[in-house]
Amino acid sequence: MSICSRKGIPLLWLLVLSVTGCTTARFVELKEKPENPILDRLGTSPLGSPQMSRRTQMFLQSSHYRGGQTFVELLTHCRKIVGSSNSPEGLHACAELSYLASESSQSDPPLALEMALDTVETSWRYLSRSVPGGATLDCTVEPHCQTAEIYNAGVKKLLRLLKKSPDHHLTSNIKMPLSGRLISVHIPFPSPWLSMDQLGAFEFTSDYELKNLRNRHTTEGLGVPIMARRRRPQQQSELEKYYADDLTVPITVVVRGDSNSAFQSDSFQLELFDPRESDGMLIGETVVPIATDISTPLAWFLTDPRNSLLETFAFLRPDRASRLEGLYMVQPFDPDRIPVLMVHGIWSSPITWMEMFNDLQSDPVLRDKYQFWFYMYPTGEPLAFTTAKLRERLETLRSECDCVGRNRKLNDMVVVGHSMGGLMAYLLSVDSQDKLWNAISDKSLAEIQTDPKTQEKIRQVFFFESDRSIDRIVTIASPFKGSGLANGITRWITGAIVSIPKATAQLSDVIFQQNGQDPMSKLLTPRTSVDSLNKNSAVLQLISQTAIPEQIMHHNIVGLQPQRWWKFWNKSSDGVVNFKSARRTDAVSEVQVEATHSHVHRTPAAIKEVHRILMEHLKTANSSNPLRQISHPQHDAAHRSKAMAPHVTTP
């Protein structure tokens, strides 16, 4: 059964196109062919087989090799030289030839697996030995980067072959099929989500191409970035309900061998790192950066067919979407990080924040000091009701995270809201007193005859105080004085097709019936979120008449349509919200961004401004939040490495 009539559809979708830019559900796409930088660099022979590098050829020449060209003969010679002289060039040649042998053994998976492990072993020995001349190991310069590339290719080849085994799991130990060598799995620095019982199926981040995220935030180093589906643990905490299903955990995989052993070492260790918590590893006494990719796992999680209709469903059927309403986390709760709550606008969902979240979390300072929360709500419901639910959710979450009220980080919260979400952020920050209630009723609350439960619900919606845990709010393209699109036609359409939750409708009826209004006036009574955005609505009148407390900092971002739109639209508008309506002269800062309404918060300029605000907030937050140091269990020294600058790929 259709949720709207045929006659209402054209006008409805005209409203959709005017107010929003529909969020696509596809953020990544599997590449046609997995990339292989080793084979791309080495090239192939006229017969199509991969060629050895000039570097390996020079080693064979300098070591007076006179044998044949089979991998058995070549590897036997190289290992003999390495065994007698521990030659670094010999180790590199062994690693490269072992990798080529693995690639050439596709028809023999056990042999290919053994040769892939040989690749890892010999390249690890090269990387972990002392560099001649006393220099420290730097995988970014030649010739070390070539060997590091061979090492990473060997680890990836090993994982690809293991992944094909139906009984293999990421956290299970591995016994090699021919040699019997053992690879044990270890998590050096477990995090709340990086534990053996939570890791499910995994994919390689390099196999996917980003589609709807502007930047791919990566760093170069040792290891292979992968992404694993999170499984809910058997022993679940109270906060588990705030974590969405099938969340993705970014992981960097390294395989550590014995640096001093001869060939065919009996044991190896496969180690899993969370790149959000650690971007370096120790080899001996040297800190070496690990390869990271924190964008692709996020995009993989977001690419869910269920998201394609989520925004429309939450607007048209807030009665059914109420089961989706709530606070969500894409990372585990951390009592040592300051919350940043992001609230989307009308006809939208938390997915709309992923461009900003992707860029903000790429900054190691912000990643260390903040945790990002998202509020999902049925956007067809009136603004005062949705804000009341958010206020209640925050209070519940606060009690579950800090039942004794001693965590000062939770009192430093920053709320960022787009469009109607910005209005919700503002309402969280102010005291309503009796202004909102007096605007809709001539009777006092005590005169409303109803049961105590309904009376309390009315109090929650219409009588509220500023949330003292909020330090700053950032409002983006918010219609403080209403939107011209919330006119009589659109309000009538949405009133006809939007199904309000039963509890909200009943509460409205109680108030309406006891105000003594005539039946015809009910047609004009605000009942949807679009009604709330009309300039004459009671909730917008409250916002215009009420100032934020001095202790809360308010930053505002205003959108203006790009110049190419000016001949079609009023140039003092973002296409939905008039410039004068979006402005706040009482904000401590205000910037203008050239973008349409649905894209203001996704632009680099807006993201840069929010980044600036969060950095500024760290200087004035009530509680100090020092960088979290991660210690190596053997050396008891911080192992975070900033030797590698983050790499940002913009498709």
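Predicted model: local features only at pLDDT ≥ 70, side-chain atom pairs only at ≥ 80, totals over all residues.

Modeller: The secondary structure of the protein chain comes to 22 helices and 20 strands. Helices (H or I, at least four residues) and strands (E, at least two) are DSSP runs, numbered from the N terminus.

Colleague: OK. How much of the protein chain counts as buried?

Modeller: Of its 651 residues, 57%. Buried means under 20% relative accessible area, exposed means over 50%, and partly exposed is in between (1.4 Å probe, protein chains only).

Colleague: And the contacts in the chain, what share comes from residues 24 or more positions apart?

Modeller: The share is 79%, among contacts with a separation of 6 or more. Contact means heavy atoms within 4.5 Å.

Colleague: Let's do sheets. What is the order of the seven strands in the open sheet?

Modeller: The order is E13-E15-E14-E16-E17-E18-E19, with mixed pairing. Two strands pair if DSSP finds at least two bridges between them.

Colleague: Which strands stand at the edges?

Modeller: Strand E13 (326-329) and strand E19 (589-594) do. Each has a single partner strand, so one side of each is left without a neighbour in the sheet. The twist averages 20° from one strand to the next. Axes are lines fitted to C-alpha atoms, for helices over the stretch in contact, and angles run from 0 to 180 degrees between N-to-C directions.

Colleague: Tell me about E17. Is it buried or exposed?

Modeller: Buried: seven of the seven residues of E17 (residues 470-476) are, so this strand is largely enclosed by the rest of the structure.

Colleague: How many bridges join E16 to E17?

Modeller: Six, and the two strands run parallel. E16 covers residues 413-418. Glycine 417 has threonine 475 in E17 as its bridge partner.

Colleague: And on the E18 side?

Modeller: E17 pairs with strand E18 (residues 553-560) over five bridges, in the parallel sense. Arginine 472 has methionine 553 as its bridge partner. Isoleucine 473 stands opposite histidine 554.

Colleague: Where do the side chains point in a regular strand?

Modeller: They alternate between the two faces of the sheet.

Colleague: Now the six-strand sheet. What is its order?

Modeller: The order is E2-E3-E9-E8-E7-E4, an open sheet with mixed pairing. Strand E2 (174-175) and strand E4 (199-204) stand at the edges. E4 pairs with strand E7 (residues 224-230) in the antiparallel sense, over four bridges. There, phenylalanine 202 has alanine 228 in E7 as its bridge partner. Helix H8 packs on this sheet, touching E4, E7 and strand E8 (248-256). The direction of H8 makes about 30° with that of E7.

Colleague: How many residues of H8 are buried?

Modeller: Eight of the eight, so H8 (residues 295-302) is largely enclosed by the rest of the structure. Among them are Pro297, Trp300 and Phe301.

Colleague: Switching to helix pairs. At what angle do H5 and H7 cross?

Modeller: Roughly 30°, and their axes come within 10 Å. H5 is residues 88-103 and H7 is residues 144-163. The contact includes His92, Ala95 and Tyr99 of H5, and Ile150, Gly154 and Leu161 of H7.

Colleague: What about glycine 154?

Modeller: Glycine 154 lies in helix H7. At 0% relative accessibility, glycine 154 counts as buried. Not counting residues up to four places away in sequence, glycine 154 touches Tyr99, Ala116, Thr119 and Val120. Glycine 154 and serine 123 are 31 residues apart in sequence and 8.7 Å apart in space, C-alpha to C-alpha.

Colleague: And histidine 144?

Modeller: Histidine 144 is found in helix H7 too. Histidine 144 counts as buried, at 12% relative accessibility.

Methods. Residues numbered from 1 in each chain as written. Heavy atoms only, no water.
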